[in-house]
Every structure is written in structure tokens, then in C-alpha cells.
Amino acid sequence: MKLPNIESARSDDRVVIVGGGQAGAECAVTLRMLGFAGPITILAEESTHPYSRPPLSKGYLLGDVASADLHIRPPATYDDQRVDVRLETRVTGIDRATQTVRTEGPDGVHDVSYDWLVLATGGRARLLPDATVHAAPNVHTLRRLADIDEMRSQFTPGARLVVLGGGYVGLEVAAVARKSGLDVTVIEAAPRVLARVTVPVVSEFYERVHKQHGVDIRTSSSVDSVEVGADGRAMAVKLTDGVTLSADVVVVGIGMEANDELAHEAGLAVDGGVVVDEFCRTTDLRILAIGDCTKHPCAQNGGLRRVESVPNALEQAKVAAATLTGDARPHDAVPWFWSDQYDVKLQAVGLCPSHDEIVVRGCIDEGRSFSLFYLKDGTVRAANVVSNPRDFMFAKKMVATQVRVDPARLSDPAVPLKELLAVSGRERK
Ligand SMILES: Cc1cc2nc3c(=O)[nH]c(=O)nc-3n(C[C@H](O)[C@H](O)[C@H](O)COP(=O)(O)OP(=O)(O)OC[C@H]3O[C@@H](n4cnc5c(N)ncnc54)[C@H](O)[C@@H]3O)c2cc1C
């Protein structure tokens, strides 16, 4: 689609991408795939070529995945694709009038000119209100490879780990820690784990699985303070109910904050993330933004939302590349993500939609595979699928097309989802 009144990138225009994560890397490579021939530069503050974060709290922490296997693409790909990746190079400011960004890197301070700027700055781990606690060498957050490298050596059998936050990243760490023989307690302020991403029955299922693996899960429980000893190490976590938990390692998994300061300081619209339209354009049409750092229109429920997931980062990267190369298409994909804990895989599509009915397929109390479908006016709006990738494949299609289903047949695992999709397709014709 050609957008009205918008020029796209000319073949010799300079595209500068800030942030060498999932979204930045994908945008650069997609631009080349779409035939863009001009210079592409990725300015990346980390010291590693773009890598995948999901294994950090799973196989990499466990020691099953090597750091070289985390690369999103082999580093040589960027040279092959004529993408100039500048590592350890942090962008400190954007001058929209001169179309330059200021960088600080190994060879000093520079100004880099752009014709098109793509912000792919992701986010950072949210810190405890008393941020001084984070100076302790045994208090960790989870965002970067370096975070896990520091944490991993302390994951020794018998060590007492307290995880603050029962979201999916905190629970993944708890699962790895139990596999590694640590004594694990999870503190969650909400009345249930995973409260931000799913409904109570799924939270209860995960609490049960973790308890079966020996994790002490404490919900409706808040942290008063982390006690730090004279040696500078955290010794204990004090809860507001007066309980004190001794700790050898503390992992703070209380969410993410978007890296939107550059955009804010440059006068772009920011609202807990860089505000973009469905074509990933910010309020300056020469600047686009993609991935975890964005607040974008939600095609499903309306309004603006921030989605922290690899599929969203990849999709927005492709949408931005299409916008730049003059064949724009809107970002309207239904959001989805996955989480691996022990041998249980949660896959969720269509996050927290409004619904008037939940259909359970399979038995939540027995075994480890079941699905939940969220219906509104008889149509499928979202699904949580536990350990059934095949069903998830069809669930994604059902949500994307908002199929109308018979709840009784949907709840019966003997009726293939493929059949329900086909019936609905025939009815639409
Ligand atoms: C531990 C963990 C587990 C996860 N597990 C899953 C999962 O199972 N499934 C799933 O779908 N998603 C998962 N995610 C989320 C997923 O990794 C993110 O949604 C995805 O990485 C977002 O990509 P991004 O490029 O927007 O941001 P990022 O990957 O965060 O990359 C942004 C990059 O920009 C750099 N940067 C920031 N500011 C600047 C600057 N001023 N100058 C230069 N560089 C800068 C940052 O250092 C970073 O390297 C997980 C995330 C974490 C942390």
C-alpha cells in the first residue's frame, strides 16, 4: 500500500537503527530482502551481535544453550547484507532538525546522520523502589546476556533463591533453579501468578505445577526490604507481613520499562512507550519505532498497547521495513507469546481480550495439556494452549479469523480444531 503524502526511502537514503535486539536486527535484514540498497547502520550499546532473549531465562540459564547459539543470525550475515553493526555504541540524543544522532562508543563521541531513523531500543528491567539494593552482587535482574552470566555461577545446588515477581520470566527462572537443585521461593504481590497475562484457572495450574516441583509460591505477598550485609551481599528478603526469608541469591523479575527516553527528549509522543501508528511511524514521519519500546494501536481491542514478545518485535520490524520501502501494510497481527517452564509449554494468542465465555478443552486437573478459548458473542478471540503446539497452530488461525464455533464441540478434544475451522469457513461462504 502506498501511503498518501509520504515519500518512502530512496535507494541511497541512510537508514539508522538504534538498538541491536530482535526488532532492530530483523528490520535491517528485511529491508535488504525487500530490495532496499542504501546504507543501513545498527547502533547497538551491547557488546554482542543481536541475540535472542527468550533462552536467557530457559536453556541458557540452565546451561543447555551456548552463547554462540543465541545469535539471531550468524554475525557474518550483517557483513554479507552490508549492514554496519556498531557494537558498544550508545545513542545519547536525537537532533531532528539536522537528522543526526549523537553516539558514545569505543572510539569516542560522534554524530551519525540519517535520512530515516528506526528506534528499536527495547526495554530494561524494572528495579525495586530501593534501587541501592541492586548494587549487591547476588541481586539480579533479567534482561541481558550479561545479567544471566553473573547469575549463573550462583545457581549452585542448595543455594536459597528468592524470586521477586510471579510473571512468566520469574517463573521460568524458578523452574530452571529447581532443575539446578536450588531451594526456591517466589514472591508475588498479586493474589495469583501470571495475573497480567492469563485467567485464574491457568494461574492455579501453574502454581500447582511449581508446588509439585518444590517451589514455595507466596501470592498476595509484598516485599518490605532486601537486607544487605556488611559485605555488601543481600542476606534476606523481608516481607510486609513480617516474615523474613534468608537468601543466597535474589532475582528481581518485576517487569520491564520501555526505553523511550531518547524519543521523549526529542519531542516525540511517548506514553509508557514510543507512540506509533499501525505503520510504525512516530509523530516525526522520518522516525519509526518497533518492538518492546513501542506503544502501538491494538487492532483487536482498540486503544494503544505495549506488547513484550518476540513475535511482536518481528512483525513490527517487517511492517517498518515495508513502510520504508514504499509498500506499507498495517501492523494488525494478533499478539502471541510463549513460556517454557519444566516440561510445560504455554502458548497464548490474543492477549487479555474482552470475552463473555471461556471454553476449556481437555482437563486442567489431570495431565499437563489443555486449552482455554476466550469467546465473545460466540467467536474465538483468544486462546491459552498448554503443551499442544498443534492445537496452538489452529488456535492462532481461529483467533485471527475470529471463527464462530459451537462451544460444546470446541470443548471436546476428540473434535479436531482443523474441523471446526473448516466448518466455520464453509458457513462464511
Ligand atoms: C529473560 C527474557 C525471556 C523472554 N522470553 C520470551 C518468550 O519466551 N517468548 C517471547 O515471545 N518473548 C520473550 N521475551 C521478550 C522478548 O525477548 C522481547 O519481546 C524482544 O527481545 C523484544 O525485542 P526488541 O528488539 O524490541 O528489544 P530488545 O531485545 O530489548 O533489544 C533492544 C536493544 O536496544 C539496545 N539499546 C537500548 N537503548 C539504546 C541506545 N540508546 N543506544 C543503543 N542501543 C540501545 C539494548 O541494549 C538492546 O540490546 C523474553 C525477554 C526476556 C528478557
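Colleague: Which helix gives the most residues to the shell around the ligand?
Modeller: In this predicted model, the elements that each supply at least two residues of the shell include helix H1 (22–33), helix H5 (168–179) and helix H8 (310–324). Strand S4 (90–95) and strand S22 (336–341) belong to that group as well. The most, three residues, comes from H8.

Colleague: How many of the residues of H8 are buried?
Modeller: H8 reaches 21 Å from its first C-alpha to its last, close to the 21 Å expected at 1.5 Å a residue. A residue counts as buried under 20% relative accessible area. H8 is largely enclosed by the rest of the structure, because the buried residues among its 15 number 13.

Colleague: Which residue just after H8 takes a positive phi?
Modeller: Helix H8 covers residues 310–324. Just after H8, a phi of about 85 degrees is found at glycine 326.

Colleague: Between which domains does the shell place the ligand, and why?
Modeller: One contributor to the shell is the domain made of 15–124 + 257–324, and another is the domain made of 127–254. Both give residues to the shell around the ligand, so the ligand lies between domain 1 and domain 2.

Colleague: How is the shell around the ligand divided by class, and how many of its residues are charged?
Modeller: There are 37 residues around the ligand, and Glu46, Arg53, Lys58, Arg143 and Asp292 come nearest. By class, the shell has 16 nonpolar and twelve polar residues. The charged residues number nine.

Colleague: What percentage of the ligand's exposed area does the protein bury?
Modeller: A polar side-chain atom of glutamate 45 lies 2.8 Å from an oxygen atom of the ligand. For arginine 143, an N or O atom of the side chain is 2.7 Å from a ligand oxygen, and aspartate 292 likewise has a side-chain N or O atom 2.7 Å from an oxygen of the ligand. Taken alone the ligand exposes 1000 Å², and the protein buries 97%.

Colleague: What is the relative accessibility of leucine 194?
Modeller: Leucine 194 lies in the loop between strand S11 (183–187) and helix H6 (200–212). Although leucine 194 is not a glycine, its phi is positive, at about 55 degrees. The residue counts as buried because its relative accessibility is 2%.

Colleague: How far apart in space are leucine 421 and aspartate 343, C-alpha to C-alpha?
Modeller: Leucine 421 is placed in helix H11 (residues 417–428). Leucine 421 is buried, since its relative accessible area is 16%. In sequence, leucine 421 and aspartate 343 are 78 residues apart, and in space their C-alpha atoms are separated by 28 Å.

Definitions and conventions
Residues are numbered from 1 along each chain as its sequence is written. This is a predicted model: local features need pLDDT of at least 70, side-chain atom pairs count only at pLDDT 80 or more; totals for chains, interfaces and linings use all residues. Side-chain values use heavy atoms; hydrogens and water are left out. A residue is near a molecule or strand if one of its heavy atoms lies within 4 Å of it. A polar contact is a pair of N or O atoms within 3.5 Å; within protein, one must be able to donate a hydrogen and the other to accept it, and residues adjacent in sequence count only if both atoms are side-chain atoms. Accessible areas come from the Shrake-Rupley method with a 1.4 Å probe; for residues, only the protein chains shown count as cover. Helices (H or I, at least four residues) and strands (E, at least two) are DSSP runs, numbered from the N terminus. Ala, Val, Leu, Ile, Met, Phe, Trp, Tyr, Cys and Pro count as nonpolar, Asp, Glu, Lys and Arg as charged, and the others, Gly among them, as polar. Domain bounds come from an automatic or database domain assignment. Buried means under 20% relative accessible area, exposed over 50%, partly exposed in between (1.4 Å probe, protein chains only). The expected span of a helix is 1.5 Å times one less than its number of residues.
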